[in-house]
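Trainee: I would like to learn how to read a protein model, one feature at a time. Where do we start?

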Amino acid sequence: MKKEIENELHRIVHKAVNSPLTSEDFELLCREMNVVKMYYDLEFDSEGYRGLGEGEEDTSKYRIFELYSEDTESDIKKKYTFYFDANEYVHAWIEFKKGITEEDIDEDICGFLADVVYLLVSRQNMRAMLDFSETHDSQTGIMNLKSLGAKYMQSIARYPEVEYVVLYANVKNFKFINDRGGVHLGDLAIAKIAQKLQEYMREDEGVCRVGGDNFAMFVRRDNLDVMLNRLKIVQVDGLMGLRNNSHRFSFRVGVSDTDIREFGTKLEEASTACVVAKTILKKDLVVFNMELSEIISHNNQIVAAFPDALAAGEFVPYFQPKVNMRTGVLLGLEALCRWQHNDSIIAPAEFIPLLDRKGMIHDLDMTILIETCRCIHEWQEMGLKVPVVSVNFSKKNIFIPDIEKKIITAIRDNDISTSMLEIEITETAKESEIGRLIDFVRILKENGFKISIDDFGTGYSSLSLIHNINADEVKIDQSFVRKLGRDDKSLILIESIVSIANRLNMRIIAEGVENTEEGRMLMELGCGNAQGYYYGKPVDFEDMTKILMNPEFEALE
């Protein structure tokens, strides 16, 4: 090997250890070897995966990476192939100056040069990939959260007069994509969404993926309305398997527009607003403000107070009657949870949805069940005729280990019959929950419990649930009752529910009946049983005891 070439190879290798190589670094070496072009390629399959060539020579599946090039023609082109897992992976190409013949070329040196180039470029690519992974999301290619925070700080330093807002955006109903096309389609969709969002950014703005189907971004305040409008519909094409190979995505967005400039705090505020939008307010857009901060603080206080309040016996059942409107006969009771705290009653809407989201609802449901059993036992000890009492159970309870045994044990410990209890369940849209729910109901029915389907007609799986579960009662949701006389759709739906329930031999109860007009309209539609303020608000044990001593209600006929 010529000394000049050997020295140049040593120099190139030494430099590659410490810094990236440029075309200038190869210039002396290439001139010594009469090389006018030196480059390599990576082979890709049709879906963009490396090292998985599909067997036919198709230059469209190669990506070319040029190392050195002179603006001159060449006669001879040498190709050196490198393999990965037995597949052609990288080709190193060397083109020689016009007029050079095969006899002028030292094959050993060229082969060695190709090997060196392959090793050096592979190492530098790996370094670039590691550097890239530190600052970018590997799945989408856009920056990661660390880089977004750094860019935010750079932007506010560079443009101190500009006000920036931080957004936390969640793709709505993204589960549809995974269910329809599998994880591969979901990954592709997320990557395409990310690229779309990046296209929306101005030079001093930024967006990153923070995991799953969630994105964080910061934009100028004067660009906020434009950005929010864009996030209402993001059209993504190239999604094979979907209708027209495309889908229109929309976002649920939390916005931090406070005076705080620190990025981490603003992101936390935006994220909190997004969570509140999804779980509490049921909105697509929530802006973090003092009112929202107070709601969050209040919720945190409830969660913190719950264990001690539970231990202190502050959660008690209140009872509301179920009445046959035609006869005035008491058919049953529903046990409803009330929180007695500091001589006041905290409304269920303030704590039940929150405890359900926090995974704390099981302890509350079991407490109300046990307290209800104690009340039934006391009434029976008084010699009162007690109707069937229904107790609500969150869907999350069905995945508690041995939940059926726990319910049965609570009944037996209070020396009452399982036939005195009716378990109210709500609808579900998840197939996995329906399967478990069917087993849950079957076991309870085998042990003598009655089952009621609550809020029927408001979920996504009403007919599936009523088809698969042998329920004793169907409760028409009060939202339908409220619209009677004002909405023909509600009338038609109630007629349909009544018809289905009658044919399946299920009792029908209408919730939320507040006046005689609603009661009479329901009876005309075939629903003769009601629960609501017309027959009484939920009352505590003492007041219900008085009602059970003389359980007579006014008949509407």
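Predicted model: local features only at pLDDT ≥ 70, side-chain atom pairs only at ≥ 80, totals over all residues.

Trainee: What share of the residues is buried?

Mentor: Buried means under 20% relative accessible area. Of the 557 residues in the protein, 46% are buried.

Trainee: How many helices and strands are there?

Mentor: The protein has 17 helices and 20 strands. As for the overall form, the radius of gyration is 35 Å, well over the 24 Å from the globule rule for 557 residues, so the protein is more spread out than a compact globule. Along the principal axes, the C-alpha atoms fill a box of roughly 115 × 55 × 50 Å.

Trainee: What can be said about contacts between residues that are apart in sequence?

Mentor: Take the contacts between residues at least 6 apart in sequence: 66% of them join residues at least 24 apart. Leucine 330 and tyrosine 535 are 205 residues apart in sequence, and their C-alpha atoms are 9.9 Å apart in space. For lysine 151 and isoleucine 361, 210 residues apart along the chain, the C-alpha separation is 42 Å.

Trainee: Where is leucine 330, and which residues does it contact?

Mentor: Leucine 330 is in strand 13, residues 330-341. Neighbours within four places in sequence aside, its contacts include Pro321, Val323, Leu548 and Phe553. Leucine 330 counts as buried because its relative accessibility is 14%, and the cut-off for buried is under 20%.

Trainee: Is leucine 197 buried or exposed?

Mentor: Leucine 197 has a relative accessible area of 0%, so it is buried. Leucine 197 lies in helix 5, residues 175-200. Not counting residues up to four places away in sequence, leucine 197 touches Val207, Phe215, Met217, Leu231 and Phe251.

Trainee: Which side chain makes a polar contact with the side chain of glutamate 511?

Mentor: A polar contact is a pair of N or O atoms within 3.5 Å. The side chain of glutamate 511 makes one with the side chain of lysine 475, at 3.3 Å. Glutamate 511 is in strand 19, residues 507-511, and counts as buried at 11% relative accessibility. Among the other residues that glutamate 511 touches are Asp454, Asp477 and Gln531.

Trainee: What is the polar partner of the asparagine 214 side chain?

Mentor: The side chain of asparagine 170 is in polar contact with that of asparagine 214, at 2.8 Å. Asparagine 214 is found in strand 7, residues 214-220. Its relative accessibility is 18%, so asparagine 214 counts as buried.

Methods. Residues numbered from 1 in each chain as written. Heavy atoms only, no water. Helix = DSSP H or I, 4+ residues; strand = E, 2+ residues; numbered from the N terminus. Rg over C-alpha atoms; globule rule 2.2 N^0.38 Å. Buried < 20%, exposed > 50% of the residue type's maximum accessible area, 1.4 Å probe, protein only. Contact = heavy atoms within 4.5 Å. Polar contact = N/O pair within 3.5 Å; in protein donor to acceptor, adjacent residues only side chain to side chain.
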